[in-house]
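Work through the exercises below with the predicted model at hand. Each task is followed by a solution in steps.

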There are 2 protein chains.
Amino acid sequence: MTESLNGTDWSKGSGYVDGQFHPIAEAKIPITDWGYRRSDVTYDVVGVYYGAFFRLDDHIRRFRASMDKLRLKPRESDEDIARILTALVRKSGLREAYVAMDCLRGKPGPGVPYHPAFGRAYLACFAIPWVWLFTQEQQARGVHAMIASTPRIPAESVDPTVKNFHWGDLTKASFEAFDAGFETAVLLDRDGYLTEGPGYNVFVVIDGVVVSPLRGVLEGVTRQSVFDLCAELGVSHQVRPISRGELTQADAVFFSTTAGGIMPVSRLGARILGNDRPGPLSTRLRETFWAKRRQGWLATPIDYDAAD
Amino acid sequence: MTESLNGTDWSKGSGYVDGQFHPIAEAKIPITDWGYRRSDVTYDVVGVYYGAFFRLDDHIRRFRASMDKLRLKPRESDEDIARILTALVRKSGLREAYVAMDCLRGKPGPGVPYHPAFGRAYLACFAIPWVWLFTQEQQARGVHAMIASTPRIPAESVDPTVKNFHWGDLTKASFEAFDAGFETAVLLDRDGYLTEGPGYNVFVVIDGVVVSPLRGVLEGVTRQSVFDLCAELGVSHQVRPISRGELTQADAVFFSTTAGGIMPVSRLGARILGNDRPGPLSTRLRETFWAKRRQGWLATPIDYDAAD
């Protein structure tokens, strides 16, 4: 199924940078571009599982909204983006893939003011083998998390609804977790309210109600899927500020992300949740999520045999 | 003087990525590396003017301190870095160059935990023709700046003394300035104290004293040069918090950066400073700075004819 173009093996992934397709190892960003050098870029990631995209339109819609907020206008339309992502997955032959779309600002050319208003926007996308943010084993026994001392970058400085690479606080929190023997760390804002973790949204379960933070977070597509599943399963859910106290006292905690779906937590700092195992509601949501995915829920199947 | 290697013109710049030299157009970052994808990277920029580096050791020392703080350990020693930067300038033949050194975290390989503790660090450096953050004309008549409404990312979230590409707030401020007809914008912290601007440190002159913010800023090498010049010229200088009121009431304002030296400001929002011209002290510092640079102040001359 894997295409071999010019004798190149695309099975490890494929990339598209500024109009050109490349094997993933050759998909690169110019070192002088502001998309890298000033992290002046937004992105989105859509998952492919069972040979189909999940909520492709939702990801492209969010990606376009992010680009608009940063005043990034690449030449490609939304339909072009869908076509490019499909071509990337088809080239790679991957049935399970992590598919990213980035829009970067280049650097103004000579003779133009040295200001982002004059930098051209372009797309860089790729498909690589599926990434599990936490392994299947970690998901089965529950992720070991802690609360980071590093506060999340405030929304007034960098808008978290524009998916971005400003991960300095998240990376610092990841090292805090590593040093303390945990796998990850969730971050609070400067007022002590829960935000998100490195690569995922956070949910708590309090008295049978699923609660997720209102502000200071990415409006995750998998987060939306959790709300949809709650509605379908008749589980109450809320979006509101969550204090540190509510987080540490919650009956259960779980994460959501494209790179793994719904991931239960079994430890939060010193606290052992649900006998050190995923809680029943988290497990039910996780299992329902994957069962529905298998059945083609909100899927855009990929025709691997089509011509580009 | 410009080397031509394999028939390639290096005059537009030269790069070094993970052990390999390239013409600048081929110096690129893998799209999947966390140095780009999570902005998990630190950098430094040293200027070359009159065929010599300025304060090369200071830049490499700060770069090493930044790498240590992010737990980035590339294979190259400080001496290696000096050699690489020298080779880059020599290859390009540039007498005036903007010379950058980045240290990025790659992505953990297969079978390794998906955590930054397991990502390999590597260097990416380049030399390109000298960059003026503000044109000579803008410097001569004074830069037109405003105070951004976007607050600077707090130091507790991302340490500003570790030179970084978390420019989302700075870019947003640049667009605020653009929309309001200014060339740039300085940022305050969330408590209303002056921090820095996109690519430069800020100074105010109050009653003949040169004052620069204490916290929430990069410890700029050119900022240090301003302190050194003040000492030499017998001008009092202070490093302390500067309130919005002190900023807006200051007698003069100027910026400092590697990419331009000392740059006077003539407008700050609605306020016209010094009859819409650079103030006498800012001008004196700027002229002294360049006069001393021409005389080889803290310079490391480049032997353009040496073999690599």
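**Exercise 1. Find the residue of chain B that stands opposite Lys28(A), and describe the strand pairing around it.**

Step 1. Opposite Lys28(A) stands Pro30(B), a residue of strand 5 of chain B.

Step 2. The two strands involved are strand 5 of chain A and strand 5 (residues 28-30) of chain B, which pair over three bridges. The sense of this pairing is antiparallel.

Step 3. Now take the whole contact between the chains. Chain A contributes 41 residues and chain B contributes 41 residues. On the chain A side, two or more residues come from each of strand 5 (28-30), helix 1 (34-37), strand 9 (121-129) and helix 5 (168-179). Helix 5 of chain A gives the most, with six residues.

Step 4. Sorted by class, the side of chain A that touches chain B holds 22 nonpolar, 11 polar and eight charged residues.

**Exercise 2. Classify the crossing of helix 2 and helix 3 of chain A.**

Step 1. The axes of helix 2 and helix 3 (residues 78-92) of chain A come within 10 Å, crossing at roughly 125°.

Step 2. The two helices are therefore oblique to each other. The crossing is right-handed.

Step 3. Helix 2 of chain A makes the contact through Leu56(A), Ile60(A) and Arg64(A), and helix 3 of chain A through Asp78(A), Ile81(A) and Ala82(A). By class, this contact has four nonpolar, no polar and two charged residues.

**Exercise 3. Classify the crossing of helix 6 and helix 8 of chain B.**

Step 1. Helix 6 (residues 221-233) and helix 8 (residues 280-294) of chain B have axes that come within 10 Å and cross at roughly 100°.

Step 2. Because of this angle, helix 6 of chain B is roughly perpendicular to helix 8 of chain B.

Step 3. From helix 6 of chain B the contact takes Ser225(B), Val226(B), Leu229(B) and Leu233(B); from helix 8 of chain B, Leu285(B), Thr288(B) and Phe289(B). Five of the contact residues are nonpolar, two are polar and none is charged.

**Exercise 4. Describe how the two domains of chain A meet.**

Step 1. The domain assignment gives domain 1 (4-131) and domain 2 (136-294) of chain A. Their centres, taken over C-alpha atoms, are separated by 27 Å.

Step 2. In the contact, 20 residues of domain 1 of chain A meet 11 residues of domain 2 of chain A.

Step 3. On the domain 1 side, strand 6 (41-49) and helix 2 (56-69) of chain A each supply at least two residues. The largest share, eight residues, is from strand 6 of chain A.

Step 4. The domain 1 side divides into 10 nonpolar, five polar and five charged residues.

Notes:
Residues numbered from 1 in each chain as written. Chains lettered and ligands numbered in written order. Predicted model: local features only at pLDDT ≥ 70, side-chain atom pairs only at ≥ 80, totals over all residues. Axes fitted to C-alpha atoms, helices over the stretch in contact; angles between N-to-C directions. Helix = DSSP H or I, 4+ residues; strand = E, 2+ residues; numbered from the N terminus. Parallel < 35°, antiparallel > 145°, perpendicular 65-115°, else oblique. Contact = placed C-beta atoms within 7 Å. Nonpolar A, V, L, I, M, F, W, Y, C, P; charged D, E, K, R; others polar. Domains from an automatic or database assignment. Pairing = 2+ DSSP bridges. Left-handed = near helix turned anticlockwise from the far one by under 90°.
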